[in-house]
Amino acid sequence: MFGPLIVKPQKSQGVKTGAWRVQSRPHFLQKNCIACKMCLLVCPEHCIYGDEKNTYGTDYNYCKGCGLCVKVCPKQDIEMVEETGENN
Amino acid sequence: MKTNPLFKPGHTACAGCGQAIAARLVIEAAGPNTIVANSTGCLEVFTTAYPETAWNVPWIHSLFENSAAVASGIEAALKYQGKKDTTNVIAQGGDGGTADIGLQALSGMLERGHDILYVCYDNESYMNTGIQRSGLTPFGMNTTTTPVGSLSMGNPNPKKPLPEICAAHGIPYVATASAAYFQDLQRKVKKALSIKGPKYIQVHVPCPLGWRHESNLTLDVARLAVDTGLYPLVEYESGVLSGRRQIVPKPVEEYLKVQARFKHLLKNPDEIKKIQEIADNNIKKYGLKVEAAPQA
């Protein structure tokens with residue numbers, strides 16, 4: 001009925017905040033990317049990865065769908081798409 | 001995402017949180033040899049909901065008012081051990097924990113000359129407990145303790161000039177920064193950590209929940225605050241103004257109309273005039289204005 005009363009302290013990567021997304025999620029087109037790293041710098045979750053052109057993506061386990069990366073991309077290479085509930 | 005970041009994903013900040021952006025930029029600029037003392041507030045709550053922590057550096061939380069005092073103790077201990085030269089000490093807190101509750105501990109830290117960087121994340125209210133007015137709340141903001149009504153136009157008091165108060169202590173470095181200017185913020189943190197003695201940086205961080213704007217507008221709102229002159233980006237060295245970001249001033253309406261916390265002002269030109277006056281005073285005081293580039 002109850003969980004363990006004493007739990008072991010751990011890193012926050014166990015909390016899958018991706019479940020918070022409700023309407024839309026960012027989709028990385030990986031076509032016109034110039035590797036300016038703005039999306040990586042702006043992400044409040046720090047869940048965007050990639051280092052060369054057209055290699056950027058986000059970890060949907062943590063992405064809360066705030067849309068800041070879409071707004072900051074100078075090449076409009078990220079777009080908001082409807083949330084489907086799948087994790088990739 | 002790096003394999004072992006200093007500020008990990010999985011924290012429970014709201015979508016589009018400006019504080020989460022700024023906190024990550026600050027700790028990445030400071031590097032792994034850093035000890036952080038955090039006061040109570042949003043940052044402490046969303047990064048360290050027990051049993052998880054988002055921090056990959058030594059981190060301590062004590063009380064609302066004493067992050068500066070705790071950091072002073074850490075610095076003194078490091079000095080005794082002879083490790084201070086290789087370790088940075090950062091004390092950080094929100095605007096309430098800095099300007100209201102923690103002001104005397106902060107002042108004491110500055111006065112005693114500890115080698116600590118104090119970072120204040122200024123989201124302009126007590127956001128964690130539900131948007132109550134703090135000392136750094138700007139004039140006219142609708143908060144739960146200064147609600148808007150027939151006799152009230154929001155917060156009646158001006159924002160506390162905390163950077164000036166810190167600079168008046170004669171400390172080596174004081175700066176204001178914004179979550180929207182990443183490189184400027186990281187440069188200021190690196191510069192501060194290269195200086196010995198007490199340092200203070202105040203970072204303007206939008207809060208989509210409390211300021212009531214869309215979560216994807218965080219950066220635009222932070223930029224508009226700088227561009228209208230309401231949040232001047234300045235640097236003081238040993239109490240003397242040494243740097244500022246110059247702007248082509250925009251009217252304050254552009255900043256006010258994207259946030260529902262100022263919605264009541266839009267129907268009231270007199271109140272907007274008062275806020276424009278605050279911006280104009282800032283522009284004059286710090287010499288922020290630069291003429292627009294001629295159109296080609």
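1. Helix 1 and helix 7 of chain B. In this predicted model, helix 1 (residues 18–30) and helix 7 (residues 182–193) of chain B have axes that come within 9 Å. They cross at roughly 45 degrees. The crossing is right-handed.

2. Residues at that crossing. Helix 1 of chain B brings Ala22(B), Leu25(B), Val26(B), Ala29(B) and Ala30(B). Helix 7 of chain B answers with Phe182(B), Leu185(B), Gln186(B), Val189(B), Lys190(B) and Leu193(B). By class, this contact has nine nonpolar residues, one polar and one charged.

3. The interface between the chains. Chain B puts 24 residues into the contact, and chain A puts in 29 residues. On the side of chain B that touches chain A, the elements giving two or more residues are helix 1, strand 2 (52–53) and helix 9 (218–227). Helix 1 of chain B gives the most, with three residues. This side of chain B divides into 13 nonpolar, eight polar and three charged residues.

4. Strand 1 (residues 10–11) of chain A pairs with strand 2 of chain B. The sense is parallel, over two bridges. Which residue of strand 2 of chain B is the bridge partner of Lys11(A)? The partner is Thr53(B).

5. Leu209(B). This residue lies in helix 8 (residues 208–211) of chain B.

6. Contacts of Leu209(B). Leaving aside neighbours within four places in sequence, Leu209(B) is in contact with Cys14(B) and Met127(B). Leu209(B) and Cys14(B) are 195 residues apart in sequence. In space, their C-alpha atoms are 7.7 Å apart.

7. Make-up of chain A. Chain A has two helices and five strands. From the N terminus on, the order is β-β-α-β-β-α-β. Of the 88 residues in chain A, 34% are buried.

8. Contact range in chain A. Take the contacts in chain A between residues at least 6 apart in sequence. Of these, 69% join residues at least 24 apart.

Notes: Residues numbered from 1 in each chain as written. Chains lettered and ligands numbered in written order. Predicted model: local features only at pLDDT ≥ 70, side-chain atom pairs only at ≥ 80, totals over all residues. Axes fitted to C-alpha atoms, helices over the stretch in contact; angles between N-to-C directions. Helix = DSSP H or I, 4+ residues; strand = E, 2+ residues; numbered from the N terminus. Left-handed = near helix turned anticlockwise from the far one by under 90°. Contact = placed C-beta atoms within 7 Å. Nonpolar A, V, L, I, M, F, W, Y, C, P; charged D, E, K, R; others polar. Pairing = 2+ DSSP bridges. Buried ≥ 20, exposed ≤ 12 C-beta atoms within 10 Å, placed from the backbone.
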